[in-house]
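Hi everyone, thanks for coming. Please have a look at the model on the screen, and then I'll walk you through a few of its details.

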Amino acid sequence: MLLFKPMKQVLSYLWQLPQNLLGLLLLLYYRPEGSYDYRDVRLHYSTRMHGGISLGRHIIVSDRYRQYNGNTEKHEYGHTRQSRMLGPLYLIVIGIPSVLWAAWWQPGRGSYYRFWTERWADRLGNVQR
């Protein structure tokens, strides 16, 4: 039984390998100033990040979110749950549409979280808006 948890972690890492590798590359770019364990992933804060991104075992969010109510962390954890469900399809099904939505959306165009990938992440992260 002691080997079950490490084996589950290895299989989970491999199932999400594309996003785990991309997450590691983005950590090099965003150079987080702080990080801590959040649930079962690593949450990183960076002054270079303007929003947030969840890639496998890594969540990178803007340093400015340290002072808020935790909805950003919960929302990004919802994306983590999507990643676990979809595995190697996550970047195609969730990642690309989310990045395109974030690039297109502007304040005044309605809630950012109305887009289906974001609504789903809110639900999975138990975010109350």
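Let's start with Trp104, which is partly exposed, because its relative accessible area is 44%. For the terms, buried means under 20% relative accessible area, exposed means over 50%, and partly exposed is in between, with a 1.4 Å probe and protein chains only.

Before going on, a word on the source: this is a predicted model, where local features need pLDDT of at least 70 and side-chain atom pairs count only at pLDDT 80 or more, while totals for chains, interfaces and linings use all residues. Residues are numbered from 1 along each chain as its sequence is written, and side-chain values use heavy atoms, leaving out hydrogens and water.

Now, is Trp101 buried or exposed? Trp101 is buried, at a relative accessible area of 9%. Both Trp101 and Trp104 sit in helix H4, three residues apart, about one turn of the helix. Helices here are DSSP runs (H or I, at least four residues), numbered from the N terminus.

On to the rings. There are 10 aromatic pairs in the structure. The ring centres of Trp101 and Trp104 are 5.3 Å apart with planes at 35°, so this pair is tilted. Rings of Phe, Tyr and Trp (its six-membered ring) pair if their centres lie within 6.5 Å; planes under 30 degrees apart are stacked, over 60 edge-to-face, and the rest tilted. Trp105 is partly exposed at 23% relative accessibility, and Tyr112 is buried at 18%. Trp105 and Tyr112 form an edge-to-face pair, 5.6 Å centre to centre with 75° between the planes. One aromatic cluster includes Trp101, Trp104, Trp105, Tyr112 and Trp116.

What is the angle between H4 and H5? Helix H4 (residues 90–104) and helix H5 (residues 116–125) pack at about 115°, their axes 9 Å apart. Axes are lines fitted to C-alpha atoms, for helices over the stretch in contact, and angles run from 0 to 180 degrees between N-to-C directions. That makes H4 roughly perpendicular to H5 (under 35 degrees is roughly parallel, over 145 roughly antiparallel, 65 to 115 roughly perpendicular, the rest oblique). Among the residues making the contact are Trp101 of H4 and Trp116 of H5; contact means heavy atoms within 4.5 Å.

Finally, the largest nonpolar core has nine residues, including Leu26, Leu55, Tyr90 and Ile94. Such a core is a set of buried Ala, Val, Leu, Ile, Met, Phe, Trp, Tyr and Cys residues joined through side-chain atoms within 4.5 Å. Helix H2 (17–30) gives the most to this core, with three residues.

Notes:
Helix = DSSP H or I, 4+ residues; strand = E, 2+ residues; numbered from the N terminus.
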